[in-house]
Amino acid sequence: MKIIKTSFAKPDDPIYKEGFKTFTPNKHNKKKVELKLPIELVTSLRDKGAGAVALAKTTDGGAVPVLWSSPNLRWEDASDLLTVADVTNSFPLIDPLLEEEIEKAEAEKV
């Protein structure tokens with residue numbers, strides 16, 4: 001028995017070779033999560049690029065990445081930009097000025 005393969009547009013791509021349909025996870029049917037207010041962080045402050053990130057509780061009992069917004073002095077949902085792994089794999093925040101800014105802003109909200 002001889003097996004003949006047909007030519008595909010991208011012959012080196014295994015998805016095309018096997019005839020699978022492609023998809024983009026987490027881009028379709030993504031429900032909007034709501035942060036639990038007041039914001040409750042479930043991780044320590046982490047350093048991601050030039051800012052502070054952490055995981056915060058949601059109203060459904062989960063957690064999503066949040067990013068500190070210095071101009072607004074608050075945590076903002078960053079689930080469209082970061083994953084949980086991005087946050088947990090980041091280094092601890094070591095910027096004392098940013099830590100102080102976050103502590104002051106959170107103390108004023110209470």
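Biologist: Which residue in β3 is the bridge partner of K57?

Modeller: This is a predicted model: local features need pLDDT of at least 70, side-chain atom pairs count only at pLDDT 80 or more, and totals for chains, interfaces and linings use all residues. Residues are numbered from 1 along each chain as its sequence is written, and side-chain values use heavy atoms, with hydrogens and water left out. Five bridges join the antiparallel strands β2 and β3; helices (H or I, at least four residues) and strands (E, at least two) are DSSP runs, numbered from the N terminus. In β3, the bridge partner of K57 is A63.

Biologist: In what order do the five strands form the open sheet?

Modeller: The chain has three helices and five strands, which follow the pattern α-β-β-β-β-α-β-α along the sequence. Two strands pair if DSSP finds at least two bridges between them. Here the pairing is antiparallel, and the order is β4-β3-β2-β1-β5.

Biologist: Which are the edge strands?

Modeller: An edge strand here pairs on one side only. Between β1 and β5 there are two bridges, and D47 has F91 in β5 as its bridge partner. The edge strands are β4 and β5 (91-92).

Biologist: How many of the seven residues of β3 are buried?

Modeller: Buried means under 20% relative accessible area, exposed means over 50%, and partly exposed lies in between (1.4 Å probe, protein chains only). Over the chain of 110 residues, buried residues make up 22%. Strand β3 is largely enclosed by the rest of the structure, because its buried residues number five.

Biologist: At about what angle does helix α3 run to β3?

Modeller: Helix α3 (residues 96-109) lies across β2, β3 and β4, where contact means heavy atoms within 4.5 Å. Axes are lines fitted to C-alpha atoms, for helices over the stretch in contact, and angles run from 0 to 180 degrees between N-to-C directions. Taken this way, the angle of α3 to β3 is about 105 degrees.

Biologist: Which residue in the turn of the β3 and β4 hairpin has a positive phi?

Modeller: β3 and β4 pair over four antiparallel bridges, and V66 has D77 in β4 as its bridge partner. The hairpin has four residues between its strands. The residue with the positive phi is not a glycine, is partly exposed at 36% relative accessibility, and has a phi of about 50 degrees: L73.

Biologist: And which residue takes a positive phi in the hairpin of β2 and β3?

Modeller: That hairpin has five residues between the strands. The phi is near 95 degrees, and the residue is G61.

Biologist: Are W68 and W75 buried or exposed?

Modeller: W68 has 6% relative accessibility. W75 also has a relative accessible area of 6%. By the cut-off under 20%, both therefore count as buried.

Biologist: Which residues are linked in a network of salt bridges?

Modeller: A salt bridge is a side-chain nitrogen of Lys or Arg within 4 Å of a carboxyl oxygen of Asp or Glu, and the count comes to four. K36 meets E40 at 3.3 Å, N to O, and K57 meets E40 at 3.3 Å. The second pair links distant parts of the chain, with K57 in strand β2 (residues 51-57) and E40 in the loop between α1 (14-18) and β1 (46-48), 17 residues apart. The network is K36, E40 and K57.

Biologist: What N to O distance goes with the salt bridge of R74 and E76?

Modeller: R74 is partly exposed, with a relative accessible area of 41%. E76 is partly exposed too, at 27%. Their side chains meet at 3.3 Å.
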